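Dear colleague,

Please open it first, and then read the notes below it.

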Amino acid sequence: MILSCQEINKSFGTNVILKDVSFHIEEREKAALVGANGTGKSTLLKIISGEMSCDSGLTVTSSDKTLGYLAQHQDMDGTASIYDALLEIKQPVIDMENRLRQMEQEMNRVTGEDLSRLMDSYHRLSSRFELENGYAYKSEINGVLKGLGFEEEEFSKEIRTLSGGQKTRVALGRLLLMKPDILLLDEPTNHLDIDSIQWLESFLIHYPGAVLIVSHDRYFLDRIVTKVFELEQSMLTAYTGNYTDYARKRASVREAKIRAWMNQQQEIRHQKEVIEKLRSFNREKSIRRAESREKMLEKMEVLEKPQEYNDEMRLKLEPAIQSGNDVLTVEDLSKSWPGQRLFSHLSFSVKRGERVAVIGANGTGKTTILKILNGLTPPDGGSIRLGSNVQIGYYDQEHNVLDMDKTIFDEISDAFPSLTGTRIRNVLAAFLFTGDDVFQPIHTLSGGERGRVSLAKLMLSNANFLILDEPTNHLDITSKEILEQALNQYTGTVLYVSHDRYFINQTATRILELVNESLVNYIGNYDYYLEKKEELTARYTNASPENTAAAAPTETKLSWQQQKEKQAKRRKNENQLKKLEDEISGLEQRSSEIDELLSQPDIATDAARCTELAKEQSDIQNRLEELFEQWEVLAEETQAD
């Protein structure tokens, strides 16, 4: 065990944040700390790192073990360059290198025993220098900076000129070079593009120390962690496995807690009714029995009511009218900034019902494309055509669609003047703004709160074509899942930019990757993109810019209609497979139950009952054989698609 937290308690005023929080992390273990916004994740990391004290409890780190902490926000400043800020971490290695050079010069001036002693010291220092990766420390710094998305021409930028996101990346780079025994990372993937997140994943997977991560990036957590700690209602619960394992187990645990609480509440009501009835008889014996039941109720350990779902955002997206089949057609789109060409000759189309994700590295022009489509930025060339009855709803990651000087209530009221005050309050309550919350000025809200206001406006717009720029930024995991469900149930069309690979995998029916000033088209979700990326990137980017638009339709050698039919068939097969698997699982469970029943003495001696169960068992086995055959055939067809 390398880190242990024992009964940590923390409150701010009357607000209890952490209550008897206990857990431990083993050496080299990778763990996640998850929970809704405001549940105390960052507070717990600050307590472990020593930046904040707890009210009671204890954190214990193994002796001689170092701890490094990355906060969400950095106060870095100064005239040092990005490269020098990371080079500073290697100062002990640089000092060793300088000492080795001095010793080499001294060797030319000494002889005899002095030379022998100097040679011994030199060899010891050389070994230590090599262990500290001294011969490659400059390459290591370059690798970390490039991995975190910095170009070489940016290495000389002064820290004081950087954005908040860039400063966070510099701080993360410094921390990774320090190589502490325990890494505490608070939202490390914020401000990273997909390529940088994948680099960080690989780095952490092979990191020799322990890691505790706070993150809303579920794909990232799936790849790295083997344990998940959930903070909910001030309490911590530990789950083994990655994020997907945790989500499945959490749902099962929550259902069990709800059932147990409801059963207990029913039992309490029943006992109270019985007690009341016994007392109504007004007989000494009945009253004694009533008192006995009351004592039993008093001794009962009453379960705490599980967290209600009504404290989660409620989002339903539905278009007012249906658009035509051709929603968007873009031809030969080009855009450059002074000294930088983003893209040229981009051509693509979006059909009704598609959910298209636009991905690519930071700075390639993804957000610019969305702004051009919304008329916020003029293109240098090309044409954009919207189909018939297309009504756009736009979600801006910077929330420029919100008036920072207005209150939440006025923002909705002014945008939708036909809504009554009651209706506005009901809508805002669905997005967790209740009471006087609705009169908060927009500029006082957090990023997540502004995101919820933008989503409320999006829901009320009844648009049939949603254009979303990083819609999951600042949303906690629960809110992301609610947005995913809303988009998957939405009958309109969606075009969005996102770095959230889990979100893309759950919602996208097609992916457009902006790479080398061109778009690469993938007919599928993020898993399909990973499978085909190398092959299709080579095919697209080897084509000249002039031919990119023509190359796109030939990527699958199928017409759009054929592609849609293929997608529909695959979805149908997958649904049928799921139904078969559910039926197989149910029958296998029943078969196990029958085996247990037949082993019970009272049934084993009941010939009629044994015959009945044996017949049911035989029928189950015959049905399972049929289902397994159907499953194999369907699985083959699905794989072939």
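The notes that follow take up a sheet, then a helix, and then a single residue.

Please keep in mind throughout that this is a predicted model.

I began with an open sheet of 3 strands, which run in the order β11-β10-β13 and pair in the antiparallel sense. The strands β11 (340-351) and β13 (381-386) stand at the edges, and because each has a single partner strand, one side of each is left without a neighbour in the sheet. Neighbouring strands here are turned against each other by 10° on average, with direction ignored. Between β10, which covers residues 326-337, and β13 there are 5 bridges, and within this part of the sheet E331 stands opposite S383 of β13. Helix α11 (residues 366-373) packs on the sheet, where it touches β10, β11 and β13, and its direction makes about 120° with that of β10.

The next element is helix α6 (residues 164-178), whose 15 residues should span 21 Å at 1.5 Å a residue, and this agrees with its end C-alpha atoms, which are 21 Å apart. Helix α6 is mostly covered, since 13 of its 15 residues are buried, and just after it K179 takes a positive phi of about 55°.

Finally, R501 has its place in helix α16 (residues 501-507). Is R501 buried or exposed? With a relative accessible area of 1%, which is under the 20% cut-off, R501 counts as buried. Leaving aside residues up to four places away in sequence, R501 touches several residues, among them E201, D217 and Y526.

With best wishes

Notes. Residues numbered from 1 in each chain as written. Predicted model: local features only at pLDDT ≥ 70, side-chain atom pairs only at ≥ 80, totals over all residues. Heavy atoms only, no water. Helix = DSSP H or I, 4+ residues; strand = E, 2+ residues; numbered from the N terminus. Buried < 20%, exposed > 50% of the residue type's maximum accessible area, 1.4 Å probe, protein only. Contact = heavy atoms within 4.5 Å. Expected span 1.5 Å × (residues − 1). Pairing = 2+ DSSP bridges. Axes fitted to C-alpha atoms, helices over the stretch in contact; angles between N-to-C directions.
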